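Morning, everyone. Please look at the structure first.

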Amino acid sequence: MALIKCQHTWLTWLEGDAKYVRVLSFDFRKAFDSVPHDILCEKLKKLPINPYVTNWLISFLEDRKQRVVVDGIETEYLNINRGVPQGTVLGPVLFSIMVNDIKTVNPINQLSSRMT
């Protein structure tokens, strides 16, 4: 549905007076792997939730370790300080908390402010 809305908006601009439409695309496949624990923990502390729940979530992220096994060969466990655990119910929730404060930009307002 979102892609249809975007396409409609772009075509409306092109049918109007726009000569072209610039579109940026982002690949979020690795977004869950790039969430820094320290920033996420600070955001969790600012949420209006029970401190016990906050501490439980922070504990869930702390002291996580990871290793790789390929063809029976195992690497040593390494500490990781970023990423939300995938395959858990908390993974998408924690990622949502991380990106919740991203501000959207209205392209119409941006365009008119540049012209003045």
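In which helix do Glu42 and Lys45 lie, and how many residues apart are they? Both lie in helix α2, residues 37–46, and they are three residues apart, about one turn of the helix. Helices here are DSSP runs of H or I with at least four residues, strands are runs of E with at least two, and both are numbered from the N terminus.

Before going on, the ground rules. This is a predicted model, with residues numbered from 1 along each chain as its sequence is written. Local features need pLDDT of at least 70 and side-chain atom pairs count only at pLDDT 80 or more, while totals for chains, interfaces and linings use all residues; side-chain values use heavy atoms, with hydrogens and water left out.

pLDDT is the predictor's confidence in each residue, from 0 to 100. The chain averages 85, and 90% of the residues score at least 70. Confidence is lowest in α5, with a mean of 61, and highest in strand β3, residues 73–74, at 96.

Now the salt bridges. The term means a side-chain nitrogen of Lys or Arg within 4 Å of a carboxyl oxygen of Asp or Glu. By that rule there are three.

Glu42 is partly exposed, at 42% relative accessibility. For that scale, buried is under 20% relative accessible area, exposed is over 50%, and partly exposed is in between, using a 1.4 Å probe and protein chains only.

Another joins Glu74 and Arg67, at 2.8 Å from N to O. Arg67 is partly exposed, at 33%.

Then there is Asp101 with Lys43, whose closest N and O atoms are 2.8 Å apart. Asp101 sits in the loop between α4 (90–99) and α5 (107–115) and Lys43 in helix α2, so this pair ties together parts that are 58 residues apart in sequence.

Is Lys43 buried or exposed? Lys43 is buried, with a relative accessible area of 19%. Asp101, at 42%, counts as partly exposed.

What else does Lys43 touch, leaving out residues up to four places away in sequence? Besides Asp101, Lys43 touches Ile97 and Met98, where contact means heavy atoms within 4.5 Å. The side chain of Lys43 also reaches the backbone oxygen of Met98, at 2.6 Å.

That is all from me.

Note on methods
Polar contact = N/O pair within 3.5 Å; in protein donor to acceptor, adjacent residues only side chain to side chain.
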